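Q: I have a structure to go through and would like to ask about it piece by piece. Could we start with the sheet?

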2 protein chains.
Amino acid sequence: MNAEIVAVGSELLTPDFQDTNSLYLIRRLGDAGIPVIRRTIVGDRPADMVPTLRAAREASDLIVVGGGLGPTGDDLTREAVGEALGRRLVFHPEILTAMEARFARRKRPMAESNRRQAFVLEGAEVLENPRGSAPGQWLEDGGRRFVLLPGPPHEFEGVFEEQVWPRLRAWRKGFGIRRILRTTGLGESDVEDRIAGLYPETGSVRLTVLASPGQIDLHVSSFSEISEAAAAGSADALTAELKSRLADFIFAETPMPIEEIVARLLTGEGKTLATAESCSGGLLAHRLTNVPGSSAYFLEGFITYENAAKIRELGVPVGLIATNGAVSAPVAEAMARGARSRSGSDYALAVSGIAGPSGGTEEKPVGLVFVSLAGPESVVSSRNLFFGRREAIKWQSSQKALDMLRRALLASP
Amino acid sequence: MNAEIVAVGSELLTPDFQDTNSLYLIRRLGDAGIPVIRRTIVGDRPADMVPTLRAAREASDLIVVGGGLGPTGDDLTREAVGEALGRRLVFHPEILTAMEARFARRKRPMAESNRRQAFVLEGAEVLENPRGSAPGQWLEDGGRRFVLLPGPPHEFEGVFEEQVWPRLRAWRKGFGIRRILRTTGLGESDVEDRIAGLYPETGSVRLTVLASPGQIDLHVSSFSEISEAAAAGSADALTAELKSRLADFIFAETPMPIEEIVARLLTGEGKTLATAESCSGGLLAHRLTNVPGSSAYFLEGFITYENAAKIRELGVPVGLIATNGAVSAPVAEAMARGARSRSGSDYALAVSGIAGPSGGTEEKPVGLVFVSLAGPESVVSSRNLFFGRREAIKWQSSQKALDMLRRALLASP
């Protein structure tokens, strides 16, 4: 069994619109164990839609068509599917009545054009859409299933979850499970080396590795036709093996960012935090304060871009900068100590480095970043050489700082 | 004349990958006045590719196929196009030689599998790819053009720009022009009201409005078969009218973020800046320091999350907080004054508000944000009520702060 997606809308053929409905659908069909073999984005013209729909009927068991069900003259999905499948459109007075009631509730007049939305393909079931006026449709056609969904994402997702998902589950008996592992501190090839030999050979379990600067995520998905326990069993067996290979580089087993993991650890232990940033320029504090409730543990941040500010705000000794340079472990450590003592926090993180694109030297190249953590017991530092553009270097610096704090909090007695 | 895009790769049919190559291509084909009528994403299996390619040949004058040209067994685009068009693959020894030289330069052994990349469709021109080992291909087939491009984005864009663009320009005579206007400070419906009646009725000029929190961009694109001057003429006529309607809400006529506009103004006037942030939590400083060279004007930032920090670092009077609350114009102004005098900067921006989701009251709801700017002459404030989630409120706060500084710098004598 396989599926394909046809997204209708000329706006989706402009460079600025993402077809997010299809990404959503790929994920949910994956949960049902239905692979998507093709995704087509086509404009509003029936002349472009009809051949696309006919080709889809040749290739796939399930064809989900999103968009083009609204009231305007550009909304021609109903007509195009009718033409492609040789089916008439039938007027459903109860849809019109529901639409009229909807407009009346909102005390707005209903334009005549809305009538178009009451036409349904001959033989199709109507899929109710309480979030909008255009209902979806479900049609069985010579062994194929055609599903028509409204384009606005909250309507698309609503009709899918409430109307399509139960029908798919009745049709495609089976159970999907997903697991996620998020790591930081390893490069992509390090991860590949560690997990070598673990890529599953069967189609029912899949492993996907997603790399971004400072973070590598592993997704395990599994499907069983028998039971949820069977799907979970094979997903968990692979996940357990991945966990033993990746060990404490894993910071989360949920799709949470590391700042949220750190937030939970700080809250759980009742500890507070301050930051002192040079090259990360406020990004570290920004990420920490993205977490709702961060005022419970985040006391204060310093962005000491100028050396004068490092001296004035954080008490970094002038001589330390003169001897080592601002980008050095001793200065990063002094910044962390200064932020901790000034704010009275339990922990303080400091970042000093060269984000580029200029300012690098042979001895201290762009991407060289020192990160220090001052805690109740001691001050520790790391020396890092990050690659990429300015924003990627800032990002990796903040990621490293958060990971150092995460490890310290996990190790604290 | 029309085009369609076929993106090949099973990874593009997972929920986590965006097909960015196609968005890039839609923009560039638009520049050449070639509309894209369909965009298909298809997996690696030739059985799925071949019908897609045949349907494309039926429908479109130009078919760009991206991906699947690499050395691995999954890279079957060459074979699938050959099958769809009934053309043999021909071995090109000069491609193999170039590949061998490339590996030799990198002092790495060349795996035998790379030989596959030296096969070219019968009758196709080879499109050199200095950024990778797989070359592209350009094939004229019964009045249709097939273009095969490597999948990695920098190779895709490189081969497109250097090899495909000149061929397209020779084929599709005409001239495309794009203009952009970026605004802040107006809501989407405000913009729509102001530009009412300006949407062009002809197909050769298009106006697109893109709204995001705190920013609305207007894109004007125009195409002429006659001359660049004709295309520019119609684009500029509309742009001039839009500019008169949107006036000083426009902060840029390039795709630059507002922090970069502010950076240029500060640099141009030789002025310096400090920041004092509460609810924006470092985002304002982060945006300012994303601009390369920001150390020339950005001296220092304070993130005074705790009230104690506002008092200690910025000298906000205790009584002012007690009387007005931390989220108030007087406190934001005192923060700005404190950051300016402490850092010795020419300007200082301060933000104090409630980013939510909790912490709001009837009198001071979530989204209430005071932004103050202290300058050489005076301190000014704005009271804002932003909507959205925590990150959207932080973002709009930083946007408002940057816009206040922009306006002050433009007005300064």
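Q: In what order do the 12 strands of the open sheet come?
A: In this predicted model, the order is 6(A)-7(A)-8(A)-3(A)-1(A)-2(A)-2(B)-1(B)-3(B)-8(B)-7(B)-6(B), and the pairing is mixed.

Q: Which strands stand at the edges?
A: Strand 6 (125-127) of chain A and strand 6 (125-127) of chain B do; each has a single partner strand, so one side of each lacks a neighbour in the sheet.

Q: By how many degrees are neighbouring strands turned against each other?
A: The average is 15 degrees, with direction ignored.

Q: And how many bridges join strand 2 of chain A to strand 2 of chain B?
A: Five bridges join them, and the two strands, residues 36-42, run antiparallel. Within this pairing, A:Thr40 stands opposite B:Thr40.

Q: Strand 7 and strand 8 of chain B: parallel or antiparallel?
A: Strand 7 (residues 136-141) and strand 8 (residues 144-149) of chain B pair in the antiparallel sense over five bridges. B:Gln137 of that pair stands opposite B:Leu148 in strand 8 of chain B.

Q: Which strands does helix 5 of chain B lie across?
A: Helix 5 (residues 153-171) lies across strand 3, strand 6, strand 7 and strand 8 of chain B, running at about 155 degrees to strand 8 of chain B.

Q: Changing topic: how many residues of chain B are in contact with chain A?
A: There are 48 residues of chain B in contact with 48 residues of chain A. Among the elements of chain B that each supply at least two residues to this side are helix 1 (20-31), strand 2 (36-42) and helix 13 (390-411). By class, the side of chain B that touches chain A has 22 nonpolar, 16 polar and 10 charged residues.

Q: What rotation superposes chain B on chain A?
A: A rotation of 180 degrees, with 0.8 Å of shift along its axis, superposes them with an RMSD of 0.9 Å. This is the relation of a two-fold axis. The same surface serves both copies, since 100% of the contact residues of chain B recur in chain A.

Q: At what angle do helix 8 and helix 13 of chain A pack?
A: Helix 8 (residues 258-269) and helix 13 (residues 390-411) of chain A pack at about 35 degrees, with their axes 10 Å apart. Their crossing is left-handed. The contact has nine nonpolar, one polar and four charged residues, including A:Leu265 of helix 8 and A:Leu402 of helix 13.

Q: Last one: how many residues of helix 3 of chain B are buried?
A: Seven of the nine residues of helix 3 (residues 77-85) of chain B are buried, B:Arg78 and B:Leu85 among them. B:Gly86, with a positive phi near 65 degrees, follows helix 3 of chain B.

Notes. Residues numbered from 1 in each chain as written. Chains lettered and ligands numbered in written order. Predicted model: local features only at pLDDT ≥ 70, side-chain atom pairs only at ≥ 80, totals over all residues. Contact = placed C-beta atoms within 7 Å. Helix = DSSP H or I, 4+ residues; strand = E, 2+ residues; numbered from the N terminus. Nonpolar A, V, L, I, M, F, W, Y, C, P; charged D, E, K, R; others polar. Pairing = 2+ DSSP bridges. Buried ≥ 20, exposed ≤ 12 C-beta atoms within 10 Å, placed from the backbone. Least-squares fit on C-alpha atoms with pLDDT ≥ 70 in both. Axes fitted to C-alpha atoms, helices over the stretch in contact; angles between N-to-C directions. Left-handed = near helix turned anticlockwise from the far one by under 90°.
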